[in-house]
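Keep the model in view as you read.

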Amino acid sequence: MSDKTYENEELFLKKLAQAYTEYNAEHILPFLADDFGYSSFWVAAPDLTKEKYTDYIVGKLATMKKLNTINKFFMMYEQGTGKPFLLIGSKTPQGDFGCFDVTADTDGKIAKLAIMPSSFYHLGYKNKEDFDKFLASL
């Protein structure tokens, strides 16, 4: 992948964190490719298309806002490639962190978004002090 692809992916992940913290899907919807697909490691249902994901995320964020859910995120990077991943501040059923894995297409639009256990990847951080602050905030 090119550095530009990773830049687009990192920008989207930052916007995704913003959407979850401000409960507003409008931060991410313009980034989605027409053939976008969303999947979750913890859901056996088929991938969601762009249209179904839009309905899903708008509803999910509205519910989170109503419940006053506090979401915390931290940007991580795959060791060796530098590909960005967005770590989620809540633990998975297996006890590790979940993370968002995103794939941009050649036009820079987001073609795939998946939520997976962070243990599937060899992730690192750019700043240990910032990572320690993130962990302490949970």
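Strand 1 and strand 6 pair in the parallel sense, over five bridges. Within this predicted model, Leu32 stands opposite Ile110 in strand 6. Strands of a sheet pair through backbone hydrogen bonds, either parallel or antiparallel. Here the pairing is mixed, in an open sheet of seven strands with the order 2-1-6-5-4-3-7. Strand 2 (48-49) and strand 7 (123-124) are the edges, and each pairs on one side only.

Helix 2 lies across strand 1, strand 2 and strand 6, and runs at about 60° to strand 1. Helix 3, residues 128-137, lies across strand 3, strand 4 and strand 5. Its angle to strand 3 is about 135°.

Next comes the packing. The largest nonpolar core holds 28 residues. Phe12, Leu16, Tyr53, Phe100 and Leu113 touch the most other members. At least two core residues come from each of helix 1 (3-22), strand 1 (32-40), helix 2 (50-67), strand 3 (73-78), strand 4 (84-91), strand 5 (97-104) and strand 6 (110-117). Helix 1 gives the most, with six residues. What does Leu16 touch, leaving aside residues up to four places away in sequence? Its contacts are Ile28, Tyr53, Leu86, Phe100 and Leu113. A second, separate core has 12 residues, among them Phe74, Met76, Phe131 and Phe134.

Finally, confidence. The mean pLDDT of the protein chain is 93, and 98% of its residues reach 70 or more.

Notes
Residues are numbered from 1 along each chain as its sequence is written. This is a predicted model: local features need pLDDT of at least 70, side-chain atom pairs count only at pLDDT 80 or more; totals for chains, interfaces and linings use all residues. Side-chain values use heavy atoms; hydrogens and water are left out. A nonpolar core is a set of buried Ala, Val, Leu, Ile, Met, Phe, Trp, Tyr and Cys residues joined through side-chain atoms within 4.5 Å. Buried means under 20% relative accessible area, exposed over 50%, partly exposed in between (1.4 Å probe, protein chains only). Helices (H or I, at least four residues) and strands (E, at least two) are DSSP runs, numbered from the N terminus. Contact means heavy atoms within 4.5 Å. pLDDT is the predictor's confidence in each residue, from 0 to 100. Two strands pair if DSSP finds at least two bridges between them. Axes are lines fitted to C-alpha atoms, for helices over the stretch in contact, and angles run from 0 to 180 degrees between N-to-C directions.
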